[in-house]
Amino acid sequence: MKSTLKLALGLASAIFASTAVSNVAHAEDLTLCWAAWDPANALVELSKDFTKETGIGMKFEFVPWTNYADRFLNELNSHGKLCDLIIGDSQWVGGAAENGHYVKLNDFFDKEHISMDDFVPATVVGYSEWPKNTPNYWALPAMADAVGWTYRKDWFSKPELQKEFKEKYGRDLAPPKTYDELKQIAEFFQGRNIDGKKVYGAYIFTERGSEGITMGVTNVLYDYGFQYEDPKKAYAMKGFVNSADAAKGLEFYKDLYKCCTAPGMTDAYMSEGLDAFKSGQVAMQMNWFAFFPGLYKDPNVGGDKIGFFPNPAGPQGHFTQLGGQGISVVSYSDHKDSALKYIKWFAQPAVQQKWWEIGGYSALKAVVEAPSFPKSAPFAPDFLQSMQIVKDFWAEPSYATLLQAMQKRVHDYVVADQGTAQEALDSLVKDWTQTFQDDGKM
């Protein structure tokens, strides 16, 4: 999952949570910084084993996603000593490496025989490397994640709806494999009365202020042919970001938003999607795999009522948006040696296996490629497939500026009905070109 950055702004007035593994005083405690969500709670439980093995106490600073980037990037930019370890977003790697915020881990990995070949390749590129596609490592893959979908399996299986859908579309009502199929299903459920309640077809990301609509629309854009740059020429974006096919993808996202979402979802992201699904408003929901364990356990919509599927394919490919984070040692920490011990401990296969079992998402091949993995959770096969088709947003040091430009251009078109899809992407190319020119990269 990504997060918004406001690098040039002052310290955010975030209220953040501080959690300790135990109240027992230790000779040395480490503080790990992350977002406040279910996987972080699982990490607290997991880390109790680290304390038992090493005697090193663990404290945690967990910040709500809305304040996560502001809080911790300001901490890094001010060379603060709050965080010994940080689970930072994939987009932070470039800036953190170039500005000296993270400890480079190559020598440590070599010494401890930790090989990046043992991790899912997309997570190494996405969370650990800078520059990208070079063997320069600044984090250990910690929380693999991607965009996936949930659906109301109980609604899909209703005989009367199965019959009606088959008569209308000539195929079974089943999880969609393409975006055209997804839109058909969303239209089928839109405005329908189920169990005495009006429901809607799909929930998709539309949030404007941080990263939401970008993390949503890219799932469609990738499948319609959008690329960030010419594969043969870095930062050459014209004809790739704003290709005719990419414009069709943006048009599709707007059509899906207009036809098949609940009223009022003009600025909605992760939590709004979870609320919509849990309250029985929508047949299908776009969201991050990180939330799926909790949804499966939900007493109202979990268990036999919920199903999962990976992001559908489009006319030009089959991809999904990468989320997730790596864990890094903060260079300003006074406890770097102990922090490195935590990295070594966390990288162990047995620890990674337990991490998956209690609610985290391991990126270790020994865990996710084990023969037993697909049957370990109902969403495990879709997660595994998704991690093979991920693409990521820019990880440039100026990614905050790049992200905010896309947020504006896409939201203005999709939600605010301003201009055409082609005009939105043409303007985005101009925005991004200016940013890279200002950075001296064009």
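**Notebook: rings, helix contact and backbone exceptions**

I began with the aromatic rings of this predicted model, and found that ring pairs join Trp34, Trp37, Phe50, Trp65, Tyr68, Phe72, Trp92, Phe291, Tyr342, Trp345, Phe346 and Trp355 into a cluster. The count of aromatic pairs comes to 50.

I then looked up one of these pairs, Tyr361 with Phe383, which is edge-to-face, with 4.7 Å from centre to centre and 65° between the planes. The two residues are 22 apart in the chain and belong to distant parts of it, Tyr361 sitting in the loop between H14 and helix H15 (365-368) and Phe383 in helix H16 (residues 380-386). I noted that Tyr361 counts as buried because its relative accessibility is 0%, and that Phe383, with a relative accessible area of 1%, is buried too. Phe373 lies in the loop between H15 and H16, 10 residues from Phe383 in helix H16, and both Phe373 and Phe383 are buried.

Next I searched for charges over ring faces. Arg192 lies over the face of Phe188, at 4.1 Å from the ring centre, and Lys254 lies over the face of Tyr413, at 4.3 Å from the ring centre.

Turning to helix packing, I looked up helix H1 (residues 38-54) and helix H14 (residues 349-357), whose axes come within 10 Å and cross at roughly 145°; the crossing is right-handed. On the H1 side I listed Pro39, Ala42, Leu43, Leu46 and Asp49 as making the contact, and on the H14 side Val351, Lys354 and Trp355. Sorted by class, this contact of H1 with H14 has 6 nonpolar, no polar and 2 charged residues. Trp355, listed here for H14, is also a member of the ring cluster with which I began.

Last, I checked the backbone, bearing in mind that most residues other than glycine have a negative phi and that most peptide bonds are trans. Trp130 and Pro131 are joined by a cis peptide bond, with omega at about -5°, and Pro131 is placed in the loop between helix H5 (121-128) and strand S5 (140-152). Asp195, although not a glycine, has a positive phi of about 55°; Asp195 is found in the loop between strand S6 (193-194) and strand S7 (197-198), and counts as exposed because its relative accessibility is 62%.

Methods
Residues are numbered from 1 along each chain as its sequence is written. This is a predicted model: local features need pLDDT of at least 70, side-chain atom pairs count only at pLDDT 80 or more; totals for chains, interfaces and linings use all residues. Side-chain values use heavy atoms; hydrogens and water are left out. Axes are lines fitted to C-alpha atoms, for helices over the stretch in contact, and angles run from 0 to 180 degrees between N-to-C directions. Helices (H or I, at least four residues) and strands (E, at least two) are DSSP runs, numbered from the N terminus. A crossing is left-handed if the near helix is turned anticlockwise from the far one by less than a right angle, and right-handed if clockwise. Contact means heavy atoms within 4.5 Å. Ala, Val, Leu, Ile, Met, Phe, Trp, Tyr, Cys and Pro count as nonpolar, Asp, Glu, Lys and Arg as charged, and the others, Gly among them, as polar. Buried means under 20% relative accessible area, exposed over 50%, partly exposed in between (1.4 Å probe, protein chains only). Rings of Phe, Tyr and Trp (its six-membered ring) pair if their centres lie within 6.5 Å; planes under 30 degrees apart count as stacked, over 60 as edge-to-face and the rest as tilted. A charge sits over a ring if NZ of Lys or CZ of Arg is within 6 Å of the ring centre and within 35 degrees of the ring normal.
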